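Student: I am new to this structure. Could we go through its aromatic rings together?

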Amino acid sequence: MSQASKQLNVLSPTKRALVELLLKEKKEKQSRGQKILRRPESNVVPLSFAQQQLWFLDQLNPGEAYYNIPRALRLSGWLNVMALEQSLSEIIRRHEVLRTTFDAIQGEPCQIVSPSVPLSVPLIDLSHLEVTERETEARRLATEEAQKPFDLRSGPVLRATLLRMREDEHLLLLTKHHIVTDGISAGVFFTELLVLYEAFSQRKASPLTELPIQYADYAVWQREWLQGAVLDQQLSYWRKQLAGAPSVLDLPFDRPRPAVQSLRGAVHEFELDERLTAALRELSRAEGCTLFMTLLAAFQTLLYRYTGQDDLLIGTPMANRTRPELQGLIGYFINALIVRGDLSGKPTFRTLMRRVRDALLEGYAHQDLPFDKIVDELRVKRDLSYHPLFQVMFNFLNFPKPPMVRSLKMVEDDLGDTGMIKFDLTLAAIEGEQGLTMLFQYATDLFDDSTIARLAESFQ
């Protein structure tokens, strides 16, 4: 036995699992090839695998807003509109993906990068309205904007509208298509907006350094890397992991599943207070788990109680930014990781937590294979009535807070909604200073509001 093996054996099971994961990841990184470099000079490049999935879905359902990502920022204080427009224009210049369109050339989908042009933000003045009427009209405009579809062929893939609520208060409505953004990208965008606005409002130059690579460079690299032995290794793991797994989770629907998903949905929000959240964190530490793992184990328990299935699949989104050069980019990197829940043998909750932890650690080491490629390569049956492999998603959100500027307070506002969902049921946990905000997003074709309210009570 080597000295390294002896040292590994004296560690606790939790630490040993983490060390083994790090060693495995080191080998994985070594197999990922050289650093991502700038592509040969070209404005027409292939799509990433994730983008290709959304492109095909857009072709199947043209003129729909399924993959719109709306955001509303409430700006309090004196606003320099010119500096705001300049800041947005600079972000679009910095990130090629925000000035990209999508088309097919000789049958092959591709992304086409356009030259950068200054962005002009339309201003709608609502300050003359009474307070209640003003907020109602702002919500109507935000919802209308959120539900307005994009034309990926002609662009743009980002829209911005400014609403003047008062002389010292504005609402900035931002809508992007998911094909060019994800959760971490939203954080990058918001942070850069704050930094640039602070500089430009004082007539200073941008303090941001130029990006070493662009999203299109990643797309080219991914296509070159994910083939041959690397692809075979990833597929081998998922074939074994998903062998014999159930294709559908039998949730207690209030109505029969329609032949074709309509994607109409609603949201039920509830809170886990600070005391309960602290207890969950303590339990997580005691069992060598993260809070995410503990909440996922609780969600698996809930689904087991409602379905009776001790073998179930849940999806969870992964940032999929496994290389340092991708951290500061805006783009669609996110990938769905499939977590197989094993509740066989009537495990204690602590035992289930450990099973969840082990499943996630293994999954993290094999997260590079795009979900849609798993579906295609494993020849998973496609059905228009439900999502392949998993119909339930769990999402844990704990993005760091962006810096604030001195002259203007920018906070995200809960305005604008596409009113659409992508799964039968999604449980999202948002970590805050006072506890956890939980959101059940659900298909209204399948569930009544009262059923989801009972689910929320059962989870608590």
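Student: How many aromatic pairs does a search of the whole structure find?
Tutor: This is a predicted model. Two rings pair if their centres lie within 6.5 Å. Searching the whole structure on that basis gives a total of 15.

Student: Are the rings of F292 and F394 stacked or edge-to-face?
Tutor: Their centres are 5.6 Å apart, and their planes meet at 15°. Planes under 30 degrees apart count as stacked. So the pair is stacked.

Student: How many residues apart are F292 and F394?
Tutor: F292 belongs to helix α10, residues 291–307. F394 belongs to strand β11, residues 392–397. The pair links distant parts of the chain, and the separation is 102 residues.

Student: Is F394 buried or exposed?
Tutor: Buried means under 20% relative accessible area. F394 has 0% relative accessibility, so it counts as buried.

Student: And F292, buried or exposed?
Tutor: The cut-off is again under 20%. F292 has 10% relative accessibility, so F292 counts as buried.

Student: Which parts does the pair of F292 and F396 tie together?
Tutor: This pair is tilted, with 6.1 Å centre to centre and 45° between the planes. Both residues are buried. They lie 104 residues apart in sequence, so the pair ties together helix α10 and strand β11.

Methods. Residues numbered from 1 in each chain as written. Predicted model: local features only at pLDDT ≥ 70, side-chain atom pairs only at ≥ 80, totals over all residues. Heavy atoms only, no water. Phe/Tyr/Trp six-rings, centres within 6.5 Å; stacked < 30°, edge-to-face > 60°. Helix = DSSP H or I, 4+ residues; strand = E, 2+ residues; numbered from the N terminus. Buried < 20%, exposed > 50% of the residue type's maximum accessible area, 1.4 Å probe, protein only.
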